[in-house]
Amino acid sequence: MNAMWLAEPSQWLKSGLRIGAGLTIGSLAYSRVRHHLVYRRLLHGHCPCDWSATACSKVYVHRPEEESAVARIIRPAKDSPGSAMFFYIVGSSGCGKSTCVQWVCNQERSGCIYVTAHRKSNDFAGRLQDALLMLDNLPNPVRLIYDVALRIGHESAVEDAASSKLVACCQALKEAAEGYRRKCGRPAVLIIDSAELLAGQPALEELLEASRGWADQGLVRLVLVTSEDSFVKRLLDNTRCSVSGSHEVEDLNSGQALAFLQRRGLDGKACHELVNHAGGRCIELVAAVESLHNGQSMEDVKQLILSAAERLYQEAGLLDDTIHRKAGLRVVDALLRSPDRTVDFATWNRLVPNPKDKEALLSSNVFSMQHKHRRIGFDSRSVERYAQLHLKDVALSDAHCDCCA
Ligand SMILES: Nc1ncnc2c1ncn2[C@@H]1O[C@H](COP(=O)(O)OP(=O)(O)OP(=O)(O)O)[C@@H](O)[C@H]1O
Ligand SMILES: [Mg+2]
């Protein structure tokens with residue numbers, strides 16, 4: 001057999017050509033099918049959680065103002081030009097950002113791809129592949145050879161594989177978005193929730209790089225959803241990113257918080273008591289309802305909420321002898337004295353002159369920046385309540401220093 005092959009080189013040349021042609025045709029067919037699937041996915045949109053489904057719709061509380069502000073970001077007008085590298089939606093942890101974005105995304109569907117970030121580049125790339133219906137579970141003959149070569153050739157194979165996955169996703173999305181723009185006259189939207197998880201990862205760099213190209217051609221609008229102001233600030237400071245629009249999601253107002261609790265089976269009195277105590281932070285209300293359903297008393301639940309707030313002060317270093325404790329207590333004191341429980345930026349700068357203290361205090365969950373009103377306030381009602389009950393005198397006696405005299 002071997003002798004025959006050696007004797008007839010044209011034979012193996014022919015076989016080689018046949019294999020090569022087969023691989024090329026297979027690969028072309030693969031990319032056609034893949035392109036078609038990603039395009040269909042874009043046309044129909046993708047969001048994993050459908051809040052209008054019967055079970056969810058029973059507990060979903062509408063937030064018309066938040067929903068329309070979010071809709072303006074994730075529903076680009078027809079013919080809207082590409083201009084910026086990214087849009088962002090911020091809000092304190094647990095205020096209901098993801099739910100609101102998912103709800104709007106499900107209303108719109110067409111053109112929106114929603115994906116949650118992940119600390120590992122490879123897992124994030126995998127999620128993006130799934131969201132785009134990238135067909136990567138089917139073997140692509142050429143890709144298989146490429147992947148094997150990559151693994152042999154490089155030590156950091158996992159990172160490279162993640163990077164090549166992400167590049168493939170960005171390319172596929174771009175191609176599909178070209179077709180989408182031709183058909184619908186507007187850019188597609190890629191929403192990355194919990195985007196702060198990508199901080200410091202090469203995946204973020206790649207995404208922003210791709211986004212620069214998408215924006216120039218008006219093909220895909222990148223929307224980052226995050227609970228960390230500092231993440232957005234760092235992005236804006238460290239990269240040459242421009243932002244076209246942003247929205248800050250707030251806690252539920254008291255009417256919405258009451259509806260939220262009623263829909264989860266609480267009676268009127270309990271609803272009012274809880275809203276007075278905890279305000280409209282969704283995540284706290286969810287935990288409180290769960291505790292009540294598990295048989296705990298309202299007093300226990302209130303205590304739990306205060307203990308959680310105390311932990312936040314502890315984490316922020318305001319209950320220990322830290323460098324920024326005094327500055328933090330000065331702010332607590334000023335906020336408790338202010339009728340609307342906020343201070344403007346000038347007062348904040350006077351109370352916390354050191355930039356490092358500013359960063360430490362704002363990255364905690366005790367204070368938060370209200371971008372819309374350009375003010376600083378308590379991050380939540382429970383944190384405010386804890387300060388009223390336990391820090392009033394401490395703040396008064398400890399907080400003052402020469403700079404506030
Ligand atoms: N409008 C709403 N109606 C009903 N339930 C809601 C609503 N908004 C939020 N929730 C519930 O509150 C909880 C927290 O909401 P969500 O996860 O959307 O907050 P988040 O701001 O995205 O939090 P994180 O900052 O941790 O990402 C979830 O259990 C969600 O089901
Ligand atoms: Mg979220």
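Q: Leaving aside its neighbours within four places in sequence, which residues is Leu335 in contact with?
A: Happy to start here, and do keep in mind that this is a predicted model. Once the neighbours within four places in sequence are set aside, the contacts of Leu335 are Arg341, Thr342, Val343, Gly377 and Phe378.

Q: Is Leu335 buried or exposed?
A: Leu335 sits in helix H15, which covers residues 325-337. A residue counts as buried if 20 or more other C-beta atoms lie within 10 Å of its own. Leu335 has 23 such atoms within 10 Å, so Leu335 is buried.

Q: How far apart in space are Leu335 and Ile376, C-alpha to C-alpha?
A: Let's look at the sequence first: Leu335 and Ile376 are 41 residues apart there. In space, C-alpha to C-alpha, the distance between Leu335 and Ile376 is 8.7 Å.

Q: How are H4 and H5 oriented to each other?
A: Helix H4 (residues 64-74) packs against helix H5 (residues 97-108) with the axes 9 Å apart and at an angle of about 60°. Angles of 65 to 115 degrees would count as roughly perpendicular, and those under 35 as roughly parallel. H4 and H5 are therefore oblique.

Q: What is the handedness of the crossing of H4 and H5?
A: This one is quick to state. The crossing of H4 and H5 is right-handed.

Q: Which helices each supply at least two residues of the shell around ligand 1?
A: Ligand 1 is surrounded by 18 residues, and the closest are Gly96, Ser98, Thr99, Ser227 and Cys282. By class, this shell has eight nonpolar, eight polar and two charged residues. The helices that each supply at least two of the shell residues are H5 and H13.

Notes: Residues are numbered from 1 along each chain as its sequence is written. Chains are lettered from A and ligands numbered from 1 in the order in which they are written. This is a predicted model: local features need pLDDT of at least 70, side-chain atom pairs count only at pLDDT 80 or more; totals for chains, interfaces and linings use all residues. Axes are lines fitted to C-alpha atoms, for helices over the stretch in contact, and angles run from 0 to 180 degrees between N-to-C directions. Helices (H or I, at least four residues) and strands (E, at least two) are DSSP runs, numbered from the N terminus. Angles under 35 degrees count as roughly parallel, over 145 as roughly antiparallel, 65 to 115 as roughly perpendicular and the rest as oblique. A crossing is left-handed if the near helix is turned anticlockwise from the far one by less than a right angle, and right-handed if clockwise. A residue is buried if 20 or more other C-beta atoms lie within 10 Å of its own, exposed if 12 or fewer, and partly exposed in between; C-beta atoms are placed from the backbone. Two residues are in contact if their C-beta atoms, placed from the backbone, lie within 7 Å. A residue is near a molecule or strand if its C-beta atom, placed from the backbone, lies within 6 Å of it. Ala, Val, Leu, Ile, Met, Phe, Trp, Tyr, Cys and Pro count as nonpolar, Asp, Glu, Lys and Arg as charged, and the others, Gly among them, as polar.
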